[in-house]
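This report describes a single chain and its ligand, moving from the overall fold to the surroundings of the ligand. Please keep the sequence and the model at hand while reading.

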Amino acid sequence: MKDGVYYSDYLQLDKILGAQELESDKANAHAHDEMLFIIIHQSYELWFKQILYEVNSVMEIMAKPAISDSSPDLFKVNHRLNRVVTILTSLVQQIDILETMTSLDFLDFRNMLRPASGFQSIQFKELEAYLGLRMQNRHGKEYYTSQLKPEDKKIIEDVEKTKPLIDLVNDWLERMPFFDKAEYWNNEKSFWSSYAEAYSESLVDAEKNNLSRFETLILGHEKKEEWNLSPRARRAALFILMYRDYPLLQLPYNLLNNLLEIDNTLSAWRFRHINMVHRMIGTRTGTGGSTGKDYLQGALNSHYIFKEFAELTSFMIERHKLPELSTALKQRLGFDI
Ligand code: HEM
């Protein structure tokens with residue numbers, strides 16, 4: 001054998017593979033499926049660690065005062081967010097493995113786990129907080145940190161004090177470089193009023209209320225406390241969605257799309273988890289003491305983080321109705337400078 005790094009030392013397998021202690025064994029009542037239960041949770045936590053690593057690196061880039069279009073920054077952001085989405089997609093599928101454990105198998109050791117619960121997963125809560133889920137928007141606020149040790153509660157409170165990814169994206173959108181440059185706009189106001197006109201004409205009678213929402217959310221100037229996105233940021237995001245075929249807007253478009261994919265895969269995981277929980281414990285309360293399925297359903301409904309981006313599709317118009325851009329702006333958005 002050659003000298004150098006050794007596989008099991010490098011991966012510290014003694015620690016990882018020595019970390020499965022069955023509560024049922026401690027009680028001299030070996031429950032076969034408890035091994036699967038532990039390993040699946042540990043795998044989830046390892047993947048959460050990787051996701052947090054990627055999200056934190058993305059946040060570091062997005063926190064720069066300016067992200068240059070001609071630097072690798074935006075590509076890196078997309079590449080890493082895309083990795084997060086791929087991991088989350090695989091985490092949704094891993095519920096299949098857990099579902100090979102039946103309700104009866106689970107009962108063999110379930111009561112030995114109280115009051116532990118996935119609800120105490122700090123990494124999951126950190127992820128939600130880093131992405132932008134704030135305490136005031138949580139389902140069951142009082143309950144949210146009540147099951148945590150004080151030191152773990154502090155970790156979440158500290159993360160909540162930092163600027164989350166959604167705010168960093170808001171700031172980045174507000175800085176969209178060409179919006180304030182008169183040379184690109186015959187007149188910016190007239191671009192948005194032409195857009196509003198085309199939008200208004202596209203609405204059927206039952207949708208007419210959308211026009212006043214468009215005026216407040218897109219054309220407005222005030223950012224309400226409860227919004228994550230300012231109207232200025234929404235204008236930039238809508239512009240990116242509508243003109244995403246231009247080369248310069250493709251990475252920004254992918255970024256917005258990746259955020260929506262994160263919401264999509266996280267909610268798909270929540271949905272699969274709820275169905276699994278319902279099948280596993282019916283209407284019994286969770287080991288963490290919540291109402292179980294009902295709590296989880298409330299969290300699923302209200303914990304979409306990037307929903308304000310999803311709502312922008314309400315304000316899209318057909319491509320052929322889009323206002324014509326100035327030649328200078330088309331050049332800026334294309335490859336020929
Ligand atoms: C037999 C399998 C499982 C059952 C019966 C189950 C049940 C529950 C229940 C009832 C809750 C609500 C809190 C409570 O009262 O305990 C919960 C929350 C949670 N569980 Fe599970 N769970 C299972 C597997 C998993 C796995 C494999 C993970 C992966 C890490 C996980 C992660 C979570 C998370 C992150 C929450 C908090 C969700 C939120 O706040 O929206 N659970 N679980």
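A residue is called buried here if 20 or more other C-beta atoms lie within 10 Å of its own, with C-beta atoms placed from the backbone.

## Overall fold

By that criterion, 20% of the 337 residues of the chain count as buried; the model is a predicted one. The chain has 18 helices and zero strands, and its C-alpha atoms fill a box of roughly 80 × 60 × 35 Å, taken along the principal axes. Among contacts between residues at least 6 apart in sequence, 76% join residues that are at least 24 apart.

## The nonpolar core

The largest nonpolar core has 42 residues, and those with the most contacts inside it are Val 55, Leu 131, Leu 165, Ala 237 and Ile 262. Two or more residues are given to this core by each of α4, α5 (73-93), α8 (122-131), α11 (165-174), α12 (188-202), α13 (210-217), α14 (231-242) and α15. Leaving aside residues up to four places away in sequence, Ala 237 touches Leu 173, Leu 256, Phe 309 and Leu 312.

## Helix α8

Because seven of the 10 residues of α8 are buried, this helix is largely enclosed by the rest of the structure. The buried residues are Lys 125, Glu 126, Leu 127, Glu 128, Ala 129, Tyr 130 and Leu 131, and they pack against α4, α10 (150-161), α11 and α15. Just after α8, Gly 132 takes a positive phi of about 140°.

## The packing of α11 on α14

The helices α11 and α14 pack at an angle of about 75°, with their axes 8 Å apart. Since angles of 65 to 115 degrees count as roughly perpendicular, α11 and α14 are therefore roughly perpendicular to each other. On the α11 side the contact is made by Asn 170, Leu 173 and Glu 174, and on the α14 side by Arg 232, Ala 233, Ala 236 and Ala 237. By class, this contact of α11 with α14 has four nonpolar, one polar and two charged residues.

## Around the ligand

Which residues are closest to the ligand? Of the 23 residues that surround the ligand, the closest are Ser 117, Gly 118, Gly 286, Gly 288 and Ser 290. By class, the shell around the ligand has 12 nonpolar and 11 polar residues, with no charged residues.

At least two residues of this shell come from each of α4 (34-62), α15 (247-281) and α16 (293-302), and α15 gives the most, with four residues.

Key: Residues numbered from 1 in each chain as written. Predicted model: local features only at pLDDT ≥ 70, side-chain atom pairs only at ≥ 80, totals over all residues. Near = placed C-beta within 6 Å. Nonpolar A, V, L, I, M, F, W, Y, C, P; charged D, E, K, R; others polar. Core = buried A, V, L, I, M, F, W, Y, C linked by C-beta atoms within 7 Å. Buried ≥ 20, exposed ≤ 12 C-beta atoms within 10 Å, placed from the backbone. Contact = placed C-beta atoms within 7 Å. Axes fitted to C-alpha atoms, helices over the stretch in contact; angles between N-to-C directions. Parallel < 35°, antiparallel > 145°, perpendicular 65-115°, else oblique.
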